[in-house]
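Please keep the sequence and the structure in view while reading.

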Amino acid sequence: MEIKDSYGYRDNLNYGIIGNCQSSALIYKDSSIDWCCLPKFDSPSIFGKIIDNNIGGFFKIETVGSYNISQEYFKNTCILKTSFNNGFDEFHIIDYMPRYETKKNSYYSPPEISRIIRYIKGNPKIRVIYDPKLDYSLGETRSYVKSNFIVSISENENYETLYLYSNARLDSIKTNDVIELDSDLFFKISYYEKLIPPKYQDILSEFNKTREYWTNWINKTPNFKKYNSEILRSALTLKLLTYQKTGAVLAAVTTSLPETIGEERNWDYRFCWIRDASMVIKVVAKLGHKNIVKNFIKFIIDIIPDKNEKLQIMYGINGEKILEEKTLDHYSGYLDSSPVRIGNAAFNQKQNDIYGILMDAIHYQIEKFPTETDEHEELWSIVKSIVWIVKNNWKLPDKGIWEFRNEDKHFTFSKLLSWVAVDRAIKISMLINKSSNIKKWKLIRKEIYTDILENGWNKKLSAFTQSYGSDSLDASLLLMESFDFIKPNNLKYIKTVKAIEKDLMNDGLLFRYKNKDDFGLPSSSFTVCSFWYINSLYKIGEKEKSKNYFEKILKYSNHLGLYSEDLDFKSKRLLGNFPQAYSHLALIDCALNFNLE
């Protein structure tokens, strides 16, 4: 597919993602590796051009002369191919991060990027622009040519090194000399020095094993009559957002890509939000991938060692509980949208909805995989603890799903998910034959249900609203039906969908809300909300309208079918952190609906 670039460099997030469930890299449509953190997702960046065009660092294959460039994934894999062709000269760049099984359930996933330049025909001339900037570019990175590699060293507060191996002349790489292609080249970027320098055949062998791994993984996913390619690409993307070591699921692999250009809604998303991750594992469970579910459930068990320990809304990918937020003031930000943040101050917020979403995922796992009983005792202990926490907290205000940083409110969505927590606990107790708590839990469930109907419903607007006593609408309330709180043919739900459509719809995309928050009025569409709206239309019977909106939003992905967190209402450009788990899980949910017909 040919890539058009009528708006200039990086006007959109036209990136592909490669990864190996340890880390990942973002590769722009012209071959430039503009973002990568090693050795793991939340490590300091080695390439950061995406958040500072001048000092961020990148690795690009630059052509001498003009070429048509196209980019695609190898079918059913996370291996990216960027093709260069001018009619006479042609070569392909193949990028991947090694991942393959070494023995049952044990994977080789080193902190490395492998890049192959495959010579096709003619006399292509290229320059290799290798410009790593270690440790978020905080200090000077110096690179030295050694006998078998180029080593890059940063001696800021942290001592960091990076190694580049290649069958090209290392001094030609270092000095950006013109290289005339007449055979294949390889480049391997490694966080660690290799004990045995790699050869081209080693890179090819790893490529074949990695390709086989991804093909085998996707073959475990059912094929669908409708939107199969979109479902599979989204499933692969969600897999790339999982951290093999602990089972954590990341919200996205980037930090500080702005929700709106020039504003300060810029956050670090390289962490595991309990809400996002629980939704992800429920969706991938629908696709049959049990290991992701089991690994995440183990992550939850590991981060809640004490029965009385409350859940945070988010954790580091290794279970870290303190995620101190800092700004990197030397970075200009994506298209000059500062600040650039690392860490996330939201980790200590109180958000009552997380318990219900986690409980919903636990219930789904126990219901769909009843024979996987290894951890049911520990899960049952967590279930009882969650109900105890919900019982004592559901009447209290909180920050809500959208993480308002100032005033706490009685958010209707938080009350809804408190109801979900108790409802799923009752269902779980029935599944595992533990009935002693059901009677008192049913009383709590009924109390929350009645409270929402009385206080969440706005008679003037004929809709459920964002918080008790509020006149503001909120897209999260489209999920009331999805969580089985209300039937799709219930008049109150239908009126809420219609009211949200009337108030929050803007040129085919949805605001999440329109009331001012800590940073003013939101000016971009939170992508997942548009998918929730499409889902709601389908559920209330407006299937043709739902499908039309779905077809339209599919056109707003980037050239590889990937989505970020947000979309600009007017231009439809991708905004926010990328690729976004929320967006891709919601796409799958919608597509699965259309396959029910």
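Ser 24 belongs to strand β2 (residues 24-28); strands here are DSSP runs of E with at least two residues, helices are runs of H or I with at least four, and both are numbered from the N terminus. The model is a predicted one, in which local features require pLDDT of at least 70 and side-chain atom pairs count only at pLDDT 80 or more, whereas totals for chains, interfaces and linings use all residues. Residues are numbered from 1 along each chain as its sequence is written, and side-chain values use heavy atoms, with hydrogens and water left out.

Ser 24 has a relative accessible area of 3% and is buried, a term that denotes under 20% relative accessible area, with exposed meaning over 50% and partly exposed in between (1.4 Å probe, protein chains only). When residues up to four places away in sequence are not counted, Ser 24 touches Ile 17, Ile 18, Gly 19, Trp 35, Cys 36, Cys 37, Phe 41, Met 97 and Val 253; contact means heavy atoms within 4.5 Å.

The sheet comes next. Eight strands make up an open, antiparallel sheet in the order β6-β7-β8-β11-β17-β15-β14-β13, where two strands pair if DSSP finds at least two bridges between them. β6 (68-73) and β13 (141-145) are at the edges and have a single partner strand each, so one side of each lacks a neighbour in the sheet. From one strand to the next, the twist averages 15°.

Strand β7 (residues 80-85) runs antiparallel to β8 and is joined to it by six bridges, with Leu 80 partnered by Asp 95. These two strands form a hairpin with four residues between them, and Gly 87 in the turn has a positive phi of about 100°. β8 is also joined to β11 by seven bridges, again antiparallel, and Tyr 96 stands opposite Ser 114 in β11. Helix α2 (residues 200-219) lies across β8 (90-96), β11 (112-121) and β17 (185-190), at about 105° to β11; axes are lines fitted to C-alpha atoms, for helices over the stretch in contact, and angles run from 0 to 180 degrees between N-to-C directions.

The largest pocket has a volume of about 730 Å³. On a 1 Å grid over the protein atoms alone, a pocket is an open set of points with protein on both sides within 12 Å along at least five of seven lines, a cavity is a set where a 1.4 Å probe fits but cannot get out, and lining residues have an atom within 4 Å of a point. Grid points are joined across faces, edges and corners, and a volume is the space filled by probe spheres set on the points. The pocket is lined by 31 residues, with Lys 282, Lys 286, Asp 360, Ser 482 and Asp 589 nearest its centre. Helix α6 gives the largest share of this lining, seven residues.
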